Amino acid sequence: MKKVILGDHAVSYGALLSRVQTIAAYPITPQTLIIERLSEMTANGESNAIFTKVESEHSAMASTVGSSASGARAFTATSSQGLALMHEMLHWAAGARLPIVMANVNRAMAPGWTIWTDQNDSLSARDTGWMQIYCQNNQEVLDSIILGYKVSEQVNLPTMVILDAFFLSHTAEGVDIPDIKEVDKFLPPYKPEIKMDINDPRSFGALTSPDVYMEFRYKMQESMDKAKEVITREGKEFGKMFGRKYGLVEEYRTEDADTILVASATVASTARAVIDEMREAGQKVGLLRIRVFRPFPTEEIVRVIGGKKKVIVIDRNISFGKTGIFFDEVKGAFYNYTGNKPPMFGYIAGLGGRDVTPKVIREIMDDAIKKDKPESEILWKGVKL
Amino acid sequence: MKHSKKEIKIKGASDMPEMSASLGSMAHNKTASWRNLKPVIDESKCIKCFICWKFCPDAAIDFTDENTPPKINYDYCKGCGICAHECPVKCIDMVEEER
């Protein structure tokens, strides 16, 4: 059934269709609409999930960890300051190998106080062991929640489904809401191998000596590597069933392109219009959208942009003291590449929700195309000096 | 992974579960060796108020019935001394462990 819904409500529908059994959440703008709708769904009987109101995001994730460990399909959602507050529990969820799915609405970090989008909140959680999916539209948001559980429950690592504040969270788009019976065929009930069980008591995550701690971390990395295959396979399978295929990255007009723009989230969906406009003018440009940031799709990135003449990365984030984070990682992917390494331009744009319009992207493209090499590691777009 | 009553032998990552879940409950994890001071109840002075039983942070004091003095479980007691501190008639002595 097609409906015009907000990105936040696409998350709610994704959780509903995944038949989540527990929801523990604390409201924060711009995530509030997600849990508001989920609380309605649990109150009116659409969903059988247990909805728990908690006193903070730290508690939201702690509660989600507990219910997931006891074998429930568990869900929560947050944003920005809330994600930062639950940071300790993010490590717990991943280290305990729990297939939790959480939506995070990308909102810039304070101070100065802000509610608008950028990616520094979720990228600060980069090394927690969570998979991260950056969505470009409301349809992908809904689909990625369902896919998140399908993948997480195979690799025993949690998934963060990420959507831009306001540009997705509060923007209405046409979304195909699949029939729950069809989703059931794709996503069977969660059956963990080990769970908290009063008839088989165990202690979870107890003191772990230097003898074995490192092996647990080795296994997390092994699962992250395996997740690349699982995400690709399940994304194809989802495509067969629902007509929408998903992968680690998405290519747009890259094949004969000599200049590739790398972007993520809504900057990437906006960039598609710019690519079309420049193609019409005869310029050989293409777009590589990084959809999955963890596990990082090194091979796919090298395959698409290796040997190209120029690579332009737009980051709506910054690692202070370094560069844009996607830019840094894309460069890193090429360290062992023996072919012709393209010069890379790293632009920072749109921090704190500043618009990244087609005009802004076009100016970035034109700027990089006219230069042989970047004059500095960071190219600030639109910063007023 | 080999599991005897005394120890678990692990070869390496290939031999381990993904999550750090124990093979049994914490009941197997006897923590008495942590103890330097051992609480000893003088049963002749005990008024059976069970305040020590309520306060023990490790549930290492056993309750039988209200006419029997509480019994300290020396397999788990870590010797924190809260019981001795809280006892209203001061009938619990903290005695140095001999090893």
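Reply: Strand 14 (residues 344-348) of chain A pairs with strand 15 of chain A in the parallel sense over two bridges, where strands are DSSP runs of E of at least two residues and helices are DSSP runs of H or I of at least four, numbered from the N terminus, and two strands pair if DSSP finds at least two bridges between them. Within this pairing, A:Ile348 has A:Trp380 in strand 15 of chain A as its bridge partner. The model is predicted, and local features need pLDDT of at least 70, side-chain atom pairs count only at pLDDT 80 or more, and totals for chains, interfaces and linings use all residues. Residues are numbered from 1 along each chain as its sequence is written, while chains are lettered from A and ligands numbered from 1 in the order in which they are written.

The two strands belong to an open sheet of six strands in chain A, with the order 9-11-10-13-14-15 and mixed pairing. Its edge strands are strand 9 (249-252) and strand 15 (379-380) of chain A, each of which pairs on one side only.

Helix 12 (residues 325-333) of chain A lies across strand 10 (259-263), strand 11 (285-290), strand 13 (310-315) and strand 14 of chain A, and runs at about 145 degrees to strand 13 of chain A. Helix 13 (residues 358-370) of chain A also lies across strands 10, 11, 13 and 14 of chain A, running at about 145 degrees to strand 13 of chain A. Contact here requires C-beta atoms, placed from the backbone, within 7 Å, and angles run from 0 to 180 degrees between N-to-C directions of axes fitted to C-alpha atoms, for helices over the stretch in contact.

How values were computed
Two residues are in contact if their C-beta atoms, placed from the backbone, lie within 7 Å.
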